[in-house]
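Here are my notes for you to read alongside the model. Keep the 3D view open and click on each residue as it comes up.

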Amino acid sequence: MGIALEVILRALFGAEDDAERERLAAAVRNFVHGFSHPLWLTTALFGLPAPPVGPWARFRKAKADLDALVFGLIDSRRADPAGRADVLTAFATATYPDGSVMTRAALRDNLVTYLLAGHETSAMSPTWALY
């Protein structure tokens with residue numbers, strides 16, 4: 001696992017356990033790889049629905065796997081947030097002024113956005129700096 005990914009997994013999810021961190025890292029790698037296939041762009045360029053085979057099917061499975069892991073972490077953190085100091089815990093326990101909490105889907109969307117943005121920019125910055 002890369003250093004950038006390890007750091008972002010620890011900061012966002014508080015993933016201190018090696019096995020948990022490796023499961024998350026594998027899900028992230030599969031997810032990123034899933035939508036980086038050149039055929040993936042053909043459906044977007046021509047406004048076509050994505051067929052249930054090939055790279056599209058792999059992406060759907062990778063997304064489902066990542067979602068399952070993230071939703072599991074959200075649920076466990078909401079059930080027992082004690083003693084955690086990570087972004088997930090902060091978001092999971094935060095309330096709006098009216099007392100409501102962020103939905104599971106909104107929380108997942110935010111976490112995955114931060115995860116991908118943080119990982120990709122952190123991984124690419126040294127590459128461009130050394131180029």
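**Notes on the fold, starting with H4**

1. Start with helix H4, where the buried residues are Pro55, Trp56, Phe59, Ala62, Leu66, Asp67, Val70, Phe71, Leu73, Ile74 and Arg77. Keep in mind that this is a predicted model.

2. How far should H4 span, at 1.5 Å a residue? H4 covers residues 54-79, and its 26 residues should span 38 Å. The C-alpha atoms at its ends are 38 Å apart, so the expectation and the model agree.

3. Now find Arg108, which sits in helix H6 (residues 104-130). Is Arg108 buried or exposed? Its relative accessible area is 13%, and the cut-off for buried is under 20%, so Arg108 counts as buried. Leaving out residues up to four places away in sequence, Arg108 touches Lys63, Asp67, Val70, Phe71 and Ile74. Have another look at the H4 list here: Asp67, Val70, Phe71 and Ile74 are among the buried residues of that helix.

4. Next, the start of the chain. H1 (residues 3-13) packs against H2 (residues 18-34) at an angle of about 115°, and their axes are 10 Å apart. Angles of 65 to 115 degrees count as roughly perpendicular, so that is the label for H1 and H2. The crossing of H1 past H2 is right-handed.

5. Which residues of H1 and H2 meet? From H1 come Leu5, Glu6, Leu9, Arg10 and Phe13, and from H2 come Arg21, Leu24, Ala25, Val28 and Arg29. Sorted by class, this contact has six nonpolar and four charged residues, with no polar ones.

6. Between H1 and H2 there is a loop, and Glu16 is in it. Glu16 has a relative accessible area of 52%; exposed means over 50%, so Glu16 counts as exposed. Glu16 still has partners: not counting residues up to four places away in sequence, it touches Arg10 and Arg21. Its C-alpha atom is 9.5 Å from that of Glu6, 10 residues away along the chain.

7. Finally, zoom out. The chain has six helices and zero strands, giving the pattern α-α-α-α-α-α along the sequence. Its C-alpha trace spans about 45 × 40 × 30 Å along the principal axes. Of the 131 residues, 31% count as buried.

How values were computed: Residues numbered from 1 in each chain as written. Predicted model: local features only at pLDDT ≥ 70, side-chain atom pairs only at ≥ 80, totals over all residues. Heavy atoms only, no water. Axes fitted to C-alpha atoms, helices over the stretch in contact; angles between N-to-C directions. Helix = DSSP H or I, 4+ residues; strand = E, 2+ residues; numbered from the N terminus. Parallel < 35°, antiparallel > 145°, perpendicular 65-115°, else oblique. Left-handed = near helix turned anticlockwise from the far one by under 90°. Contact = heavy atoms within 4.5 Å. Nonpolar A, V, L, I, M, F, W, Y, C, P; charged D, E, K, R; others polar. Expected span 1.5 Å × (residues − 1). Buried < 20%, exposed > 50% of the residue type's maximum accessible area, 1.4 Å probe, protein only.
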